[in-house]
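The entries follow in the order in which I looked things up.

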Amino acid sequence: MKKAPDASDEATVKRLEQKDRDLRETELEDLKKLLGVSYGRRLAWRVLEKAGVHRTSFTGNSTTYFNEGARNIGCWFLSEIMEADLDAYVIMLKENRTVE
C-alpha cells in the first residue's frame, strides 16, 4: 500500500503542486498540438457533435438523461479546447459553419 504524502511538509506539498501544474501544462500543450492541425480539429469537432454540445439534450423521456451525460462530457471537452487554444475553436467554428 502506497504511503500518503506528508501534508505538513511544505517542501513535499510544493513539489506535488508543481507536479500537478506540470501535468496540466502538458495536457493543454498536447491538446493545442492536436488543434493545430486540420485533422485534429476535425476529430475534436466530431467529438463535440457526437456529445451534442451544440444541440438540446431534451427528448421528453428518459433518453434525456443519457443525452445530458454525453453533453456534460462534451462541455468539459469544449472548455478544455477553449483553455488550450481559443483561436483554434474559432477556426473550428468557421470550418464547420453551415449555410442554409
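I took buried to mean under 20% relative accessible area, exposed over 50%, and partly exposed in between (1.4 Å probe, protein chains only). This is a predicted model, in which local features need pLDDT of at least 70 and side-chain atom pairs count only at pLDDT 80 or more, while totals for chains, interfaces and linings use all residues. Residues are numbered from 1 along each chain as its sequence is written, and side-chain values use heavy atoms, with hydrogens and water left out.

Entry 1, salt bridges. I noted that side chains of opposite charge can pair when their charged atoms come close. I counted a salt bridge where a side-chain nitrogen of Lys or Arg is within 4 Å of a carboxyl oxygen of Asp or Glu. I found five salt bridges in the structure.

I looked up Arg24 and found a salt bridge to Glu83, with the closest N and O atoms 2.8 Å apart. Arg24 lies in helix 1 and Glu83 in helix 3 (residues 63-95), so this pair ties together parts that are 59 residues apart in sequence. Helices here are DSSP runs (H or I, at least four residues), numbered from the N terminus. Glu83 is partly exposed at 48% relative accessibility, and Arg24 is partly exposed at 24%.

I then recorded a salt bridge between Arg24 and Glu27, whose closest N and O atoms are 3.1 Å apart. Both residues, Glu27 and Arg24, lie in helix 1, three residues apart, about one turn of the helix. Glu27 has a relative accessible area of 39% and is therefore partly exposed.

Is Arg41 buried or exposed? I found Arg41 to be buried, with a relative accessible area of 11%. Its salt-bridge partner is Glu95, at 2.8 Å from N to O. I noted that this pair links distant parts of the chain, Glu95 in helix 3 and Arg41 in helix 2 (residues 38-51), 54 residues apart. Glu95 is partly exposed at 41% relative accessibility.

I recorded a negative surface patch formed by Glu17, Asp20, Asp22, Glu25, Glu29 and Asp30. Patches are made of residues with over 30% relative accessible area and no salt bridge, like charges being joined within 9 Å. Glu17 sits in helix 1 (residues 10-35) and is partly exposed at 41% relative accessibility.

Conventions:
Patches are made of residues with over 30% relative accessible area and no salt bridge: like charges are joined within 9 Å, nonpolar side chains (Val, Leu, Ile, Met, Phe, Trp, Tyr) within 5 Å. Accessible areas come from the Shrake-Rupley method with a 1.4 Å probe; for residues, only the protein chains shown count as cover. Lys and Arg count as positive and Asp and Glu as negative; His and the chain ends are not counted. The place of a charge is taken as NZ of Lys, CZ of Arg, CG of Asp or CD of Glu. Helices (H or I, at least four residues) and strands (E, at least two) are DSSP runs, numbered from the N terminus.
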